Amino acid sequence: MIVSLTHEHDLDGLGSQAIIKRYFDLNDKHDSKNLTLLYAQYIDFSDKIKSILNSDDLPEELIISDIGYNEGFLDVFPLIKQAFTKGCQISWFDHHIVDSDIKEQIKSMTTLYVNNEKKCAAEIVQNHFLPDDDIAIRIAELAHDSDFKKKKFKFASNLQSIIGFNRGEEKLQERRRIVELLSKGKFTHEWFDSQLKDIKLWIDEQSNLALNSAKKYQLDKNKEFMISFSRIGGGKINDILREKYPNLYAYIGIDIRYGEIIIHSDNINCRDFAMSFGGGGHVERAGFKYKQILSQDGTFNPQFIQDMKLELINQIKR
């Protein structure tokens with residue numbers, strides 16, 4: 001059995017997996033039916049690894065893509081090392097910021113570890129598996145456009161909306177369908193069209209909720225930040241906020257479906273900010289969790305607001 005474990009809720013993660021699936025579909029040496037497609041988030045990666053590697057049927061190969069790193073992953077490093085020692089081939093493709101000592105630990109317990117912060121994960125995967133394949137190149141191009149916010153391709157934005165809509169265990173088959181279609185180079189398909197029709201109302205409703213729930217807070221007389229929540233990804237929430245309220249010091253979007261928080265800022269190191277709460281990510285955007293975001297009356301927990309403000313101030317002082 002070969003397992004592909006990728007980031008659940010963005011085009012870079014699913015695009016990486018689509019390229020991996022295409023490679024196995026095209027490679028006569030491998031039976032693509034043995035490829036199992038699984039998904040994780042930063043917050044449940046350790047649980048997913050435990051489920052995969054504690055199984056009686058240890059995979060012969062595990063391919064991890066676009067997951068990043070946070071301190072909670074240390075708990076499963078011994079399990080990964082044990083599986084590697086038993087003969088499981090482990091490849092890990094990533095583009096998030098990871099400290100050099102952690103990179104060395106990951107290299108020591110994997111067959112291959114590639115981390116390039118200047119590319120998205122799909123580009124790294126494409127370069128490794130299918131460097132000359134036009135369809136894989138196109139998938140990587142779309143993933144780059146989405147992940148680096150280039151906004152050159154409307155289809156990349158549409159795909160990200162479809163992926164954001166199809167989150168959670170109950171939408172597993174829909175995510176696999178996205179991967180299947182992309183892996184076959186079906187960039188136009190009636191299923192994509194029907195999905196966009198279905199989610200238009202949902203996006204409008206959740207965008208309005210993001211704007212209505214948005215609260216602005218003062219750091220000092222020249223610096224303001226904004227926090228908002230909705231039932232869409234935190235990154236999407238921040239895009240909505242930035243369009244409506246440009247030039248704020250930082251934006252914090254909360255997907256209340258899963259309690260996931262994304263911070264965007266051009267002024268601080270967002271990864272360092274997120275790591276203060278056990279998260280991680282990129283300099284300009286990062287993700288984390290918080291124990292109690294909302295009070296019982298549905299308003300922001302004052303302690304949450306205070307902690308966000310204090311950590312922003314700490315980052316400014318650095």
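## The largest pocket

The lining of the largest pocket is made up of eleven nonpolar, 19 polar and twelve charged residues. This is a predicted model, so to speak a computed picture to explore. The pocket itself has a volume of about 1100 Å³. Lining it are 42 residues, and those closest to its centre are Lys149, Gln160, Gly235, Lys236 and Asp239.

Which elements give two or more residues to this lining? They are the helices α6 (134-147), α7 (154-165), α9 (190-213) and α10 (234-244), together with the strands β9 (260-264) and β11 (285-288).

## The second largest pocket

Next comes a pocket that holds about 240 Å³ of space. Of the 21 residues in its lining, Tyr42, Ile43, Asn70, Gly278 and Lys289 lie nearest the centre. By class, the lining has eight nonpolar, nine polar and four charged residues.

Here α2 (45-53), β9 and β11 each supply at least two lining residues.

## The nonpolar cores

The largest nonpolar core has 49 residues, and Leu11, Ile19, Leu142, Leu182 and Phe192 touch the most other members. Two or more residues come from each of α1 (11-26), β2 (35-40), α5 (121-129), α6, α7, α8 (172-183), α9 and α10.

Take Ile19 as an example. Beyond its neighbours within four places in sequence, Ile19 is in contact with Ala122, Val125, Gln126, Leu130, Ala136, Ile139 and Ala140.

There is also a second, separate core of 25 residues, with Phe45, Ile64, Phe77 and Leu79 among them.

Notes:
Residues numbered from 1 in each chain as written. Predicted model: local features only at pLDDT ≥ 70, side-chain atom pairs only at ≥ 80, totals over all residues. Heavy atoms only, no water. 1 Å grid on protein atoms, 1.4 Å probe; cavity = no way out; pocket = protein on both sides within 12 Å on 5 of 7 lines; lining within 4 Å. Points joined across faces, edges and corners; volume = space filled by probe spheres on them. Helix = DSSP H or I, 4+ residues; strand = E, 2+ residues; numbered from the N terminus. Nonpolar A, V, L, I, M, F, W, Y, C, P; charged D, E, K, R; others polar. Core = buried A, V, L, I, M, F, W, Y, C linked by side-chain atoms within 4.5 Å. Buried < 20%, exposed > 50% of the residue type's maximum accessible area, 1.4 Å probe, protein only. Contact = heavy atoms within 4.5 Å.
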